[in-house]
Each structure stands twice: as C-alpha cells, then as structure tokens.
Amino acid sequence: HVQLVESGGGSVQAGGTLRLSCVASGDTYFYYCMTWFRQAPGKEREAVAGISTEGGQGHLADSVNGRFTIAGDNSKRTVYLQMNSLKPEDTAIYYCAARPNAYCTPAFWNMPRNYNYWGQGTQVTVSS
C-alpha cells in the first residue's frame, strides 16, 4: 500500500504563487506516474499536471499551461507543483494521485480511474 501526503496549500491573492508537494510512503516501487488533480465545488475532478517520477516531460492541462510546472524526484518519491500567476478559478482542493510502475503517457495521465492511490487533498484558495 502507498500513502500520499500533500502539503503547501493555502490562500493567496490573484497573481500569487504556491508550491504543492506530494510525498509517497509505504510500499516502494521503482517509479510512479504521479498526477495532481483538482476539484472545485460543484465541478468534476480534473487533471492539472502529471509526471513520471523516473523522468521525462510532464503533462499540463491547457488551463494551467504557462503558469504551472510539475517536477518529480524519484529518489524522494516526491512530486512538486509550482503554481504561478494564480487565478481565482484555480481555487479548488488539489489531490495527489499515484499509480506505481506506470508511465504518465499522454493517454494515461489525465484519467482519474487510472490511479489507485490518492492523497487527502490540500485546499488552494485564490482571491481576486
């Protein structure tokens, strides 16, 4: 079993920055596809950014491309989401998800059903 713990959420004004971290613990795997999802009240959960911890280019949703970046550290089993130029519409609970021994391919990364481990979520609130 894998446990995921997110940190770094908070409240900022529009234009501000936040950095989220997600650390995996428990059973150890060689690599993971780790992805950030978010869910705003009354909306479906959507994929924000995903990356294979072994390396490779990350994936970003169109809504955050150019503002957010994702990075992974396989040795620490950690993934980071750097969020710049935050907008009020970025307000949501951000969840970290992981699928061990999987690569975040373009066809794989943004589907919630592909992940079998989820964190508890961290709130991000952006005020105008």
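This section describes the disulfides and the nonpolar cores of a predicted model.

Two disulfides are found in a search of the whole structure. When the bonded cysteines of the protein are numbered in sequence order, they pair as 1-3, 2-4. One of these bonds joins Cys-22 to Cys-96, with the sulfur atoms 2.0 Å apart. The two partners come from distant parts of the chain: Cys-22 belongs to strand β3 and Cys-96 to strand β9, 74 residues apart. Both Cys-22 and Cys-96 are buried. The torsion about their S-S bond is about -80°, and the disulfide of Cys-22 and Cys-96 is therefore left-handed.

The other bond is formed by Cys-33 and Cys-104, whose sulfur atoms lie 1.9 Å apart. Here the torsion about the S-S bond is about 95°, so this disulfide is right-handed. Because Cys-33 is located in strand β4 and Cys-104 in the loop between β9 and β10 (117-118), the pair ties together parts that are 71 residues apart in sequence. Cys-33 has a relative accessibility of 0% and counts as buried. Cys-104, at 5% relative accessibility, also counts as buried, because the limit for that class is under 20%.

Strand β4, which spans residues 32-39, also contains Met-34. The relative accessible area of Met-34 is 0%, so this residue is buried. Between Met-34 and Ala-98 the C-alpha to C-alpha distance is 4.4 Å, although the two residues are 64 positions apart in sequence.

Met-34 is also part of the largest nonpolar core, which has 29 residues. Within this core, the residues with the most contacts are Leu-4, Met-34, Trp-36, Leu-81, Met-83 and Tyr-94. Two or more residues are contributed to the core by each of the elements β1 (2-7), β3 (18-26), β4, β5 (46-52), β7 (68-73), β8 (78-83), β9 (92-100) and β11 (122-127). Apart from this core lies another, of nine residues, which include Phe-37, Ala-102, Cys-104 and Phe-108.

The surroundings of Tyr-94 were examined with its neighbours within four places in sequence left aside. On that basis, Tyr-94 is in contact with Glu-6, Leu-20, Trp-36, Phe-37, Arg-38, Val-48, Phe-68, Leu-81, Met-83, Gly-121, Thr-122 and Val-124.

Methods
Residues are numbered from 1 along each chain as its sequence is written. This is a predicted model: local features need pLDDT of at least 70, side-chain atom pairs count only at pLDDT 80 or more; totals for chains, interfaces and linings use all residues. Side-chain values use heavy atoms; hydrogens and water are left out. Helices (H or I, at least four residues) and strands (E, at least two) are DSSP runs, numbered from the N terminus. Buried means under 20% relative accessible area, exposed over 50%, partly exposed in between (1.4 Å probe, protein chains only). A nonpolar core is a set of buried Ala, Val, Leu, Ile, Met, Phe, Trp, Tyr and Cys residues joined through side-chain atoms within 4.5 Å. Contact means heavy atoms within 4.5 Å. A disulfide is a pair of cysteine sulfur atoms within 2.5 Å.
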